[in-house]
Amino acid sequence: GPKLPPGPAPLPVVGNLLKLGDKPHKSLAELAKIHGPIMSLKLGRKTAVVISSPALAKEVLQKQDLAFSSRTVPNAAHAHDHNKYSVVWLPVADRWRSLRKIMNSHIFSGSRLDANQNLRQKKVQELIDYAGKCCQDGIAVDIGGVIFTTSLNLLSNTIFSVDIANPNQDSAKQYRDLVWQIMVEAGKPNLVDYFPALAKIDPQGVRSRMTDYFGKMFELFGRLIDERLELRRLGESGGEKDVIDILLNINEENNEEIDRTHIEHLCLDLFAAGTDTTSSSVEWAMAELLHSPDTLEKAKAELEKTIGKRKTIQESDIAQLPYLRAIVKETMRLHPPGPFLIPHRVETNVEIFGYTVPQGAQVLVNAWAIGRDPSVWTNPTSFMPERFLDSDIDIRGRDFELIPFGAGRRICPGLSLAVRVIPVMLGSLINSFDWKLEGEINPEELDMEDNNGQQPDLLVAAPQLTPDDARSLLSFFAHDQLLSIVQSAALRHPDVLSAFRTNGHPRPDRIYRYSILLFDLETDALIKKALRGVKVKVTHRGNIRRKYRISRLSNKMGLEADVEAATAFLDKAVKPVMVGGSKLRVAKAYDAFVELADDSGYVVAVMPSAKGMFPEHHPHFIGTYWGAVSTAFCAEIVESTDAYLFSRVLPPPQEGEGNPRAA
Ligand code: HEM
């Protein structure tokens, strides 16, 4: 019979799902040390084959490229039938080929990208101007946030010649959050993908939310395309200045080659695949540079010599900046934005190195593990851009020890754009400013490793699962950032408190870590509900969570302790922000709120629902805060703060519980 690649023994029902933990790329790298560079796992009902060496990656992505070129389509990608139109999810067949051809020759070719680089240059200048303003105002920059916005605008300008994340443009800014939401949703493990029987129920609601998000994106694309068609009819456009003109030209010549629906789905693919990948690379590069000041100095020296101090970088400068390019490669070696590429699939049994990859298996190429393989890389976990200075190894899919963009026919089509914009953003940021970490963090303390052994004790055990298993299962499904819980709890727990304080620009993975610590009932219930379908019972045992629960009113002692902790917290905070909500009205607390602002000197933002409840001419007023509809840069200020004060009204006390607390 067919010989499956080796792998860990599966448990009933869940298979090896519990082995994944919350950092599957890491857990699977560890397992590969035991079972080898090709191993098979049972993930719920699905078989997965994991590839963890350059030689095997070459076999899968190059030598047997075609056999491995299909995709396992996540359930969420079925929203709006996206999988039927999307270049990311279509199997390798005619439609996919024609979409790839359009991208290669009309969107991502060197001459096209040269032609519209001015559209992107302007966005980089705006990023630098914004950082400069923060610098003047003494405000720390939320690097991840602004780079994400910039990446989105770089892309939306390349495609539509507009900013879809322009804070000053009506209705345009919600799309930043929307694209972010899509990323978050796509990155979340979905039980349905392991237990297809759950598809109808959609227990975590992933597909349903995706349907909503995709719908909003399609509305936007539809509108932008209509506007462009109108301009073209009036003869005011129709050149080839951006991607949408090019696609409409192709469509007019031959509607078979690409129709309107395909254009809209292609736009979605480009935003979904191109935004977060780009921005997380720049963000990681910044983090690595801040973490190793020597490298930062060298990079600055190269830029100063070649470009001149405090100038932004042009795409055409990249060729003369070998050290900067090496930094980008080294960042992608250690932090590939897609640690497993985008999972492939085989449609038939495929023989490889004496094993059979069974029909329908998902194939995960662990690019993360390959980039850190000690048999390939010296000092694999150190950030050493120098290693690329005398080396021909590149990230373009020819060197299988470094494949952040994949390789073979499914290689990332956006590679040529990414290798332009990443060095330009990064180089401009480091050439324009001196950077230092906010708060009390020393460079050495920066958390460069994905939450290493700091996972707090988790609290749930189940009859069939060991506590360890339960822990990894829970953390695997716990990607929701339970931010509000973290905020409230920050006033309670010293670890959380100090984490917040030291977080000049809160790293999502840190917030994530603490959100697990404060694991919420809602998520437990979700897991319970989801697992009910597969008949594994999860029950709670005595646990540490009680200590951190914040949904109840405190007793008197607790209250005093809270006030003390809150005071200490606020005293240490460098730039707290007060955020007023509509509940100020219910509590008739606006006068008190204004008074608090006066006394404390803290800056104040209001939620849209509380607009008008705080005098807008007040010297401390910074605007309206609520993600999508924030006043220009208000969100950036609020989100980069080290202490928030959200106003709220607490429910009346329940029997046997201490004093009520005011709003
Ligand atoms: C740092 C930046 C980026 C990285 C690391 C990256 C990485 C990847 C990887 C690993 C894949 C899957 C390869 C495989 O399945 O073997 C991929 C596919 C893809 N990428 Fe990128 N990407 C980046 C930027 C972009 C940009 C800027 C765009 C477009 C604007 C883009 C568009 C796509 C598309 C459409 C696919 C699907 C291709 C297919 O399935 O045939 N990517 N990318």
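The model is predicted: local features need pLDDT of at least 70, side-chain atom pairs count only at pLDDT 80 or more, and totals for chains, interfaces and linings use all residues. Residues are numbered from 1 along each chain as its sequence is written, and side-chain values use heavy atoms, with hydrogens and water left out.

**Ligand site**

The ligand carries an iron atom with a single protein donor, Cys412 (SG), at 2.2 Å. Donors are N, O and S atoms within 2.8 Å of the metal (3.2 Å for Na, K and Ca); water is not among the atoms, so sites may look incomplete. Cys412 sits in the loop between helix 15 (367–371) and helix 16 (415–432). Helices (H or I, at least four residues) and strands (E, at least two) are DSSP runs, numbered from the N terminus.

The ligand is surrounded by 27 residues. A residue counts if one of its heavy atoms lies within 4 Å. The closest are Arg71, Arg100, His344, Arg410 and Cys412. Helix 4 (94–107), helix 12 (260–291) and helix 16 each supply at least two residues of this shell. Helix 12 gives the most, with six residues.

| Residue | Protein atom | Distance to a ligand oxygen |
|---|---|---|
| Ile342 | backbone N or O | 3.4 Å |
| His344 | polar side-chain atom | 2.8 Å |
| Arg410 | side-chain N or O | 2.7 Å |

Four strands form an open sheet in the order 12-11-10-13, with parallel pairing. Strand 12 (621–624) and strand 13 (644–646) stand at the edges, each with a single partner, so one side of each has no neighbour in the sheet. The twist averages 20° from one strand to the next. Strands pair if DSSP finds at least two bridges between them. Strand 10 (residues 577–580) pairs with strand 13 over three bridges.

**Ser40**

Ser40 belongs to strand 1 (residues 38–43). Is Ser40 buried or exposed? Ser40 is buried, at 10% relative accessible area. Buried means under 20%, exposed over 50%, partly exposed in between (1.4 Å probe, protein chains only). A polar atom of the Ser40 side chain lies 2.5 Å from the backbone oxygen of Pro5.

Methods. A polar contact is a pair of N or O atoms within 3.5 Å; within protein, one must be able to donate a hydrogen and the other to accept it, and residues adjacent in sequence count only if both atoms are side-chain atoms. Axes are lines fitted to C-alpha atoms, for helices over the stretch in contact, and angles run from 0 to 180 degrees between N-to-C directions.
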